[in-house]
Amino acid sequence: MGKLDGKVAIVTGAARGHSQAVARRFVEEGAAVAICDIVPVKVLEERVGSQIRRQGGQIICFQTDVSKEDQVNAMVKETLKKFGTVDILANVVGIAGPTKDVWDMTLSEWKLTLDVNLDSLFLCCKAVLPVMIEKRYGKIINFSSGTGKQPLSHRTPYATSKMGVIGFTRTLAADVGPYNINVNAICPGEHSGRSMELARGRAEYLNEPFDEEEFFQRYEGRRRDRQSVLAGRWRVDEGFTDKGSSSEDAASLAVFLACEDSASMTGQDINAGGGVMW
Ligand SMILES: NC(=O)c1ccc[n+]([C@@H]2O[C@H](COP(=O)([O-])OP(=O)(O)OC[C@H]3O[C@@H](n4cnc5c(N)ncnc54)[C@H](O)[C@@H]3O)[C@@H](O)[C@H]2O)c1
């Protein structure tokens, strides 16, 4: 018996990364899942949908820009038509945004990050909450970050949005608690691929040299060197395990928050960062 048998979940993202891992775990635990991503639905079907259906899982795929109200509403409406209800919403989509200082950034760069990382939470929650409130049941899981709890140099929009995710989570949890709806946040750490991407962007912005191999060795070499690696004001967090952060850990935590094992937990922001303590 799965932990999510008979439940219906919506997972935003899912073409790759944490969201795909979350969608797969929800299906394994017995949920019928609707996934959406900004990529064409054909891509989503090839990467995830058709595989899951072949394995006997129930899934529908949508091409949805989660920062657009009409597209979010259409996706939720179709999910309700197909699966009859919604019990779980995992707001996983997030973009890294620009690597720039505030004085170099355009308003549209700032807004895009907040639109995708914060408006999407508002829009997806607004669309599913009437159903959850009526049935007096719901689980909402929002993806923040370690950067939801500490600064990330040269990335003000991302940090602001991820800190905003925690504020949104706590406040919504207070508002919907009386309706038996839990709202929690997951704060993943960076895996080496994402850290590399961010470090390269920072180096480009600051016009500094970037040696991929050297960065990789330093990142992966935490076992030997337990000092935080400092490059300018850039900090690569280490954890107290040697494992780093993984999509699988984040997905397992999402299952825990989506099922009755965490029935009394709400308004929390939980780290899934390989032992990093934020
Ligand atoms: N990967 C990390 O190292 C890390 C660390 C901390 C927090 N997080 C957070 O975890 C979440 C997932 O991160 P990830 O690294 O797996 O992301 P990712 O970049 O691998 O995947 C994000 C997915 O969202 C989709 N997407 C982007 N904009 C969209 C939009 N407007 N509408 C619909 N879909 C859109 C992309 O196509 C992609 O498939 C994010 O919220 C991120 O901020 C990730």
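**Group meeting: helix packing and core of a predicted model**

Met1 counts as exposed, because it has 5 C-beta neighbours inside 10 Å. Met1 belongs to the segment that precedes β1, residues 8-12. Its C-alpha lies 7.8 Å from that of Gly30, although 29 residues separate Met1 and Gly30 in sequence. Please bear in mind throughout that this is a predicted model.

Turning to the overall picture, the protein contains eight helices and nine strands. Of its 278 residues, 44% are buried. If we take contacts between residues at least 6 apart in sequence, 72% of them join residues at least 24 apart.

Next, the interior. In soluble globular proteins, nonpolar side chains tend to be buried together. Here the largest nonpolar core has 62 residues, and the members that touch the most others are Ala9, Val11, Phe26, Val33, Ile35, Ala254 and Ala258. Which helix gives the most to this core? The answer is α4, with eight residues. As for Ala254, once its neighbours within four places in sequence are left aside, this residue is in contact with Val22, Arg25, Ala90, Ile141 and Ile186.

That brings me to α4 and its packing partners. Two packed helices are described by the angle between their axes and the distance between the axes.

I shall take α3 with α4. Helix α3 spans residues 69-83 and helix α4 residues 107-135; their axes come within 9 Å and cross at roughly 35°. The crossing of α3 past α4 is right-handed. On the α3 side the contact involves Glu69, Val72, Asn73, Val76 and Leu80, and these meet Leu123, Cys124, Ala127, Val128 and Val131 of α4. Sorted by class, this contact has eight nonpolar residues, one polar and one charged.

I now move to α4 with α5, the latter covering residues 156-176. The axes of α4 and α5 are 9 Å apart, and the packing angle is about 15°. Angles under 35 degrees count as roughly parallel, and α4 and α5 are therefore roughly parallel to each other. Their crossing is right-handed. From α4, the contributors are Trp110, Thr113, Leu114, Asn117, Leu118, Leu121, Cys125 and Leu129. From α5, they include Pro157, Tyr158, Ser161, Val165, Phe168, Leu172 and Val176. By class, the contact of α4 with α5 has twelve nonpolar, four polar and one charged residues.

How values were computed. Residues numbered from 1 in each chain as written. Predicted model: local features only at pLDDT ≥ 70, side-chain atom pairs only at ≥ 80, totals over all residues. Axes fitted to C-alpha atoms, helices over the stretch in contact; angles between N-to-C directions. Helix = DSSP H or I, 4+ residues; strand = E, 2+ residues; numbered from the N terminus. Left-handed = near helix turned anticlockwise from the far one by under 90°. Contact = placed C-beta atoms within 7 Å. Nonpolar A, V, L, I, M, F, W, Y, C, P; charged D, E, K, R; others polar. Buried ≥ 20, exposed ≤ 12 C-beta atoms within 10 Å, placed from the backbone. Core = buried A, V, L, I, M, F, W, Y, C linked by C-beta atoms within 7 Å. Parallel < 35°, antiparallel > 145°, perpendicular 65-115°, else oblique.
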